Amino acid sequence: MTPLLLPLTLIITAIPLAVYLIYILAVLLTKEPIPKPLKTSPEITVIIPTYNENEVIEHRIKNLRDINYPTENIRAIVVDDQSTDNTIELAEEAFKRYGISGEVIVKDARTGTNASANLGISKASTDIIVTTDADVVFEHDALNHAISTLLSDERTGAVCGELEPIVIENSFTTRSEQAYRSVYGKMCTWESNIHSTYCFNGPLIVLKKRAFSPIPETHGASDAGMALRIIRNGYRCIYDASAKFYEYITGDLKQQRRQKLRRSARLLEATLYNINLVSPKYGKFGLFVFPLRILMFLIVPAAFFTSVILWSYLLGQVNMLYGLMVLICFALALISGRWRSNLVSSFIWHQIYLFASLAYMFRGMHVWKAVEREKV
């Protein structure tokens with residue numbers, strides 16, 4: 001055994017341990033903020049990018065009427081990405097049926113969600129804009145909570161809400177997602193308390209138009225891209241766990257894998273394209289939050305799997321059974337989520353998706369096929 005191998009293994013192991021120890025402490029110590037009442041209900045524009053959403057678009061527009069926000073103060077813009085079904089007709093009919101002021105903009109070519117978001121926001125006539133997806137619904141007071149947080153501080157440029165997963169089929173994929181979501185919001189809330197988070201949930205983002213500038217249309221996640229542009233423009237981006245929305249979580253492993261790889265790849269793209277935000281110019285976000293996320297997304301997955309291999313090899317030099325036990329314990333932890341939702345299995349799968357998504361970066365994934373649609 002090489003004398004330097006053990007110190008090297010300890011250093012590599014220390015990287016994921018240090019990063020996630022920080023976030024574990026953050027999860028344990030962070031409490032959900034108490035929602036502040038919204039004093040006035042300003043006029044807002046709701047942007048809904050669509051592509052073949054005939055299963056859910058009417059339900060989505062109906063939800064805008066049913067939530068606790070004045071319907072007369074809501075204007076909706078559906079930006080359609082060349083749907084081949086009857087999404088456009090259903091959206092127009094839903095606007096009339098539910099008394100929502102709205103229009104449908106049909107793009108000349110299919111160019112993806114980022115381009116749809118840019119176009120919709122450019123057409124908005126209000127300063128407060130909500131971006132959402134067609135396959136989710138807002139909780140009754142979600143907009144009130146998010147807008148109240150947005151307006152509570154002039155420095156706040158955008159607020160995102162928290163996903164409440166809806167599980168129809170109890171499966172390995174849904175159990176893994178539930179475990180992941182049980183800590184995700186607290187991690188982002190902690191980052192917001194420091195300065196900002198850019199790990200936004202795209203289906204509920206409330207922003208000030210004056211804080212926004214167009215996001216890249218051919219790379220990067222639209223939600224992370226929005227947050228990073230707004231931070232670059234000198235504003236804060238806040239995660240508000242009290243602003244909840246509901247989304248159906250697919251129970252199909254193949255669909256989840258495709259969705260996770262796409263989301264991870266586009267998040268990594270957004271991170272790399274904004275690497276120069278690591279700067280004291282952007283306060284505690286540039287000095288602490290963003291560097292920590294860079295480590296988490298780009299360094300930790302490789303370090304984690306390398307450390308497992310190295311410990312298996314090192315202990316195998318002492319006794320082959322010890323090395324084998326490391327690999328067996330790793331495999332059991334990986335598949336344990338099949339029987340019961342747990343953070344260990346979810347963590348390992350998350351590292352797998354992050355590591356695998358490196359191969360999908362820069363492949364032009366701004367246009368994609370959505371997972372199956374279900375009304376929430």
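**Note on the aromatic contacts and overall build**

1. F355 is partly exposed, with a relative accessible area of 42%, in what is a predicted model. F305, by contrast, is buried at a relative accessible area of 18%, which falls under the 20% cut-off for that class.

2. The ring centres of F305 and F355 lie 6.0 Å apart and their planes meet at 65°, so the pair counts as edge-to-face, the threshold for that label being over 60 degrees. This pair links distant parts of the chain, since F305 belongs to helix α9 (residues 283-318) and F355 to helix α11 (residues 343-357), 50 residues apart.

3. A tilted aromatic pair is formed by W349 and Y353, with 6.2 Å from centre to centre and 35° between the planes. Both residues sit in helix α11, where a spacing of four residues separates them by about one helical turn; Y353 is buried, its relative accessible area being 8%.

4. The structure holds 14 aromatic pairs, and one aromatic cluster is made up of Y20, F304, F305, F330, F347 and F355.

5. As for the fold as a whole, the chain has eleven helices and eight strands. Its radius of gyration is 22 Å, close to the 21 Å that the globule rule gives for 376 residues, so the chain is as compact as a globular protein of that length. Of contacts between residues at least 6 apart in sequence, 83% join residues at least 24 apart, and 55% of the 376 residues count as buried.

6. The accessible surface comes to about 17,000 Å², with 60% of it belonging to carbon and sulfur atoms, while the mean positions of the 39 positive and 35 negative charges are 7 Å apart.

Key
Residues numbered from 1 in each chain as written. Predicted model: local features only at pLDDT ≥ 70, side-chain atom pairs only at ≥ 80, totals over all residues. Heavy atoms only, no water. Helix = DSSP H or I, 4+ residues; strand = E, 2+ residues; numbered from the N terminus. Rg over C-alpha atoms; globule rule 2.2 N^0.38 Å. Buried < 20%, exposed > 50% of the residue type's maximum accessible area, 1.4 Å probe, protein only. Contact = heavy atoms within 4.5 Å. Areas by Shrake-Rupley, 256 points an atom, 1.4 Å probe, with all protein chains shown as cover. Lys, Arg positive; Asp, Glu negative; His and termini not counted. Charge placed at Lys NZ, Arg CZ, Asp CG, Glu CD. Phe/Tyr/Trp six-rings, centres within 6.5 Å; stacked < 30°, edge-to-face > 60°.
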